[in-house]
Amino acid sequence: MQDAEARSPGRIARLRAGNDVLDSFLSTPRVVIAAAVALLMILTAVLAPLIAPHDPFDMAAISLLDSELPPAFLEGGDARFLLGTDSQGRDVFSAILHGLRISLMVGVVAVLLSMALGVTVGLVSGYFGGFVDSVLMRLADVILSFPTILIALLVNGILRGVLPSTQATATAVLVLVLSIAVNEWVQYARTVRGSTMVEKGKEYVKAARLTGLPPRTILRRHVLPNILSPVLVLATINLALAILTEATLSFLGVGMPPTQPSLGTLINTGNEFLFSGIWWVVVFPALTLVVLVLSVNIVGDWLRDALNPHLR
Amino acid sequence: MIFLLRRLAQGALVMLVVALVAFLMFRFMGDPVRGMLREDATLQEQQELRDRLGLDRPLVVQFAKFVGGALQGEFGVSWRNQQPVMELILDRLPATIELVVVAMIIALLLGVPLGVWSALNRHRPQASLLQTVSLIGISTPTFVTGILLILVFAVILGWLPSFGRGETVEIGFWRTGYLTASGWKALILPACTLALYQLALFMRLVRAEMLDVMRQDFVRFARARGLPTRLVRFRHALRNALMPLVTIAGMQVGSLIAFAIVTETVFQWPGMGFLFLQAVQFVDIPVMAAYLVFIGFIFVVLNIAVDVLYTLIDPRLRTGGAGAGR
Amino acid sequence: MASLLEIRGLSVLFEGKRGRVAAVEDLDLDLEPGEILGLVGESGAGKSTVGNAVMGLIDPPGRVEARSLRFKGEPLELADEAAMMRLRGRRIGMIFQDPLTSLDPLFTVGDQLVETIRLHLRVDEKAAWARAVELLASVGIPDPEARIASYPHQFSGGMRQRVVIALALACEPDLVIADEPTTALDVSVQAQILELIRSLTKARGMGVILVTHDMGVIAEVTDRVAVMYRGRLVEEGPTARVLGRPREPYTKGLIASVPRADRRLHRFPQPPGQADAAPKAIDLGSHWLGAGTRRERSDVPVLEVEGLTRDFVVRRGILGIGEKRFRAVDDVAFAVSEGEVVGLVGESGSGKSTIAQMVVGLLRADAGRIRFAGADITATRRERDLLPVRRELQMIFQDPYSSLNPRLRVREIVAEPIRFHRLASGEREIQALVLELLAQVGLGPEAARRYPHEFSGGQRQRISIARALATRPRFLVCDEPTSALDVSIQAQILNLLKDLQETLGLGMLFISHDLPVVRQMCDRVAVLKQGRLCELASTEELFENPQHPYTSELLALMPRLDGLAPAPAGALDGSSEANVHG
């Protein structure tokens, strides 16, 4: 075989495409750092009960004598409490670790749930079209035209009216996850539907149809693997968005209860003491939240560009 | 014309769906009778109210009545403080609108030029720094921005107030903070808080759009015609890049109204969002339902306005094409 | 007198992470006033890069180097953007390939013309408008006074390319660079645009560099031709000489690969060193590919199409009110016998691809009947009942870059149909069959392990063919199978298809817009226009003695290498083009 075009620049470019993602990752220090920070935070969250110096929920271990201590590195700080203590004498650092754990858990579960739902709906809607597609997409239009936070608050309000007690941790988590997922599945459904329609028009899918493969097989074997990269990008960006939404709901007092605080709850409770000068109970959880969301966003941003080179 | 009719029909349909959600909330979440009467109301009083509200009639009739009431601005009485819901909302409306308008202006005036600049100078280090900063902007939740601003400018520096609207002046039913110095002072922090996220978003969108347009053939052809860079960029590329911004900006007004909930809470700004949040916390269903319908209406109107505006500015939609395809 | 353009030692380098790539290397070219120079080559030859380099449109990280670049004796200062800006549009005009994207959609045609004119010529608004109208008239746009206020989307593709030409000529440049100006257009529109470029060149004494991959276009309009291959100039000389008596082996091969319209050859000639062996002769009686069906050339139609009709909804209305429909295929009937190749030709919008999609079952027909091997497929509603037909009726697609699933290895792509239709007894036999099929299409066993993106366009098309053969078909629908390929690759793929068709006795429906290709491939040809069948005749008869006026028109407009005779100009006027674009 001696195709004249075999060695043309176009072909070289295509050959290189595979390694480019890794290359561009390693050559962007910003992204490497962000990924490392995100991983570290996830690891810390998973291991929080093991590495937190104190148990912020053990009422017996908390002493009011230790309340409102500034961070250890400031004057009047106590070496036992790295980032100081709150008004009840809880260790801020430990509370942050546990809060991080809850924030991430809610975020990850919400992303997985909405992804599973959205991808399925998008594949079916995009491939078969027709009436179901129109109805689903009108619904998506309506949801999308309302901002995330509004729908989350509304779903939250409804669920809190319907479900018995929201003080139980499991209920609170469920309410939060559902409030977020109701918004986010739409984005996957939209994106996947669009990509599915593009892929459906491509000739390899037509060839699979001509082979006689049933739609289920075509979707699973041919379409799904080819639409995963936008889904991956969306999942990353939506993880950041889910964490933000959770934090906002908790901050507004309709999320995690103060007995099982997420980062948002910590900021909410700390906010009340802002004017009494104990700024560390607000600033450190807030910084943790921003760093977490930022590093996930940086990775997502890079991923979008790397998987879709023409957007650069 | 057909297009406009179809858009209006769609809008009406969306409103009907929103009204249905609001109605179902109102009817089935909690017991409206229990919510509206005092704790010690007698059974007879309960039954009287039940009759008056028509709660025993078929659901369709009840829904029709609900829609009829909504069309006249009738949403019942708040369970929490027994005031007519519409009155509450209209009372809070000006505060939210004034906040959103200023935030939108800040976001557009800074976001668009920054986006264009960073697209045109994307190889400069300042542009990639700006990209990172904008990423921080969209990664910082509104309430954190608000708290940090309060901490710095109210608590530490003591320059600006941290809550309320300052002095207001009443013009008819509209209570404005635009006419007093303290009103403006009180507005600065909440408006900046609300604008920051949108600013970052606009900047990133405009940049992406601009980069996309700059790659297109007609921009290359404009260069090949010998047009100076300034004309190519600002007459041809920018105009095309700003087209989608009309849609986005329209949508973002809605988003600003929603995020006003958070900002108003942080700054205890007496707007609709603060009202809504209190309703969610106290499960005050009539207020939630009314807010939902009200906001839904605003969004539908915004969406239609954006679509109509779009057809007016885009010649491809304004005039039919002879050879739309190949 | 100095040349209009003198290029010495031009190189265009792209510095990448993995070293530099030279898109153009050490190129010398000259152009005289009033002359059309064709710059021809296959994809990746660097021909478009030359045009962009002369315009100063190479953006970083690309870099232009030259020993000497002179325009009318003056050195061209590519690095001086201000100086280039004064030349661009004023002294050097450029025409791009795609008229649909070359114009700013938000400004009227008049705005864009006046903007260019006033920028370069320093005339007042009124004079500029007058000149703009005059220009539109000179490029053959009817009713220019009215059309000048139209937006680009209100013109058809061919008319838009005329506007682009008007813009390029707005300030009477001395040099025009036309980069594939007719590639995106239909053949009838192409003929008009080429004629326009030629007459304007001769009338104004300007020089034109015409960049194209199409030897027919070169033969049609150029005075001299320069052949490029992988960034280098291979051969250069008067068009008649280069095409008639090429000196370099590459040029010889390239010209030989161009399908001839004047007579039918058994095989397409191959460029030297690229000749591929015919597929191994196989005995259908014993071979896997022949199992199950008996294929003999007979006059029994394997495919019969009657009254085939299909509408598309152009604009949706509310409850059917205001709905606009467009009839893509209108009452078409034809039949293909066992082992016969029938061609479907027509311009874009003629409905040929729609017919192909309906025949294989990707689209439903609104009316009419399609019978395959006696069975009525239009009447079968259940997908499962169609499986036997699906297996025997396969398709080769146009775009080799989208016809293979990028996430599957070639082995999986070819094995899937065998596995699905249970055509082999076990996994071992499947793997053996995959290698056998790859060998049939001229690919080695190592290809099975690789992914589609590791192959070139021609190789991918071979894989597509192997996949189609994997169901053991008796009929192939080929929808423009080579129109995305370079001409030398096209010759290889067409030879392969022809050999396989003959060896396996396949019936074939061959869809193409390219008349010479059709002449080489088909036994009978059907000509379509706007969804209707104009003429159906044996290939020789159709080419030698066309009965329908539209067929004669198409044949006359076809750019041809042989004889180097110019096509009769102005055979079609603007109105027939407007019809094509409906």
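User: What makes strand 17 of chain C and strand 18 of chain C a pair, and in which sense do they run?

Analyst: Strands pair if DSSP finds at least two bridges between them. Strand 17 and strand 18 (residues 475-479) of chain C share 4 bridges in the parallel sense, so they qualify as a pair. The model is predicted: local features need pLDDT of at least 70, side-chain atom pairs count only at pLDDT 80 or more, and totals for chains, interfaces and linings use all residues. Residues are numbered from 1 along each chain as its sequence is written, while chains are lettered from A and ligands numbered from 1 in the order in which they are written.

User: Why is strand 17 of chain C called an edge strand?

Analyst: Strand 17 (393-396) of chain C pairs on one side only, as does strand 21 (532-538) of chain C. The open sheet has the order 17-18-19-14-20-21, with mixed pairing. Strands here are DSSP runs (E, at least two residues), numbered from the N terminus.

User: What does C:Leu509 touch, not counting residues up to four places away in sequence?

Analyst: Contact requires C-beta atoms, placed from the backbone, within 7 Å. By that criterion C:Leu509 touches C:Leu303, C:Val336, C:Val342, C:Leu344, C:Ala356, C:Val359 and C:Val477.

User: How many residues of chain C are in contact with chain B, and how do they divide by type?

Analyst: On chain C, 29 residues are in contact with 25 residues of chain B. The chain C side divides into 13 nonpolar, 12 polar and 4 charged. Ala, Val, Leu, Ile, Met, Phe, Trp, Tyr, Cys and Pro count as nonpolar, Asp, Glu, Lys and Arg as charged, and the others, Gly among them, as polar.

Terms used. Two residues are in contact if their C-beta atoms, placed from the backbone, lie within 7 Å.
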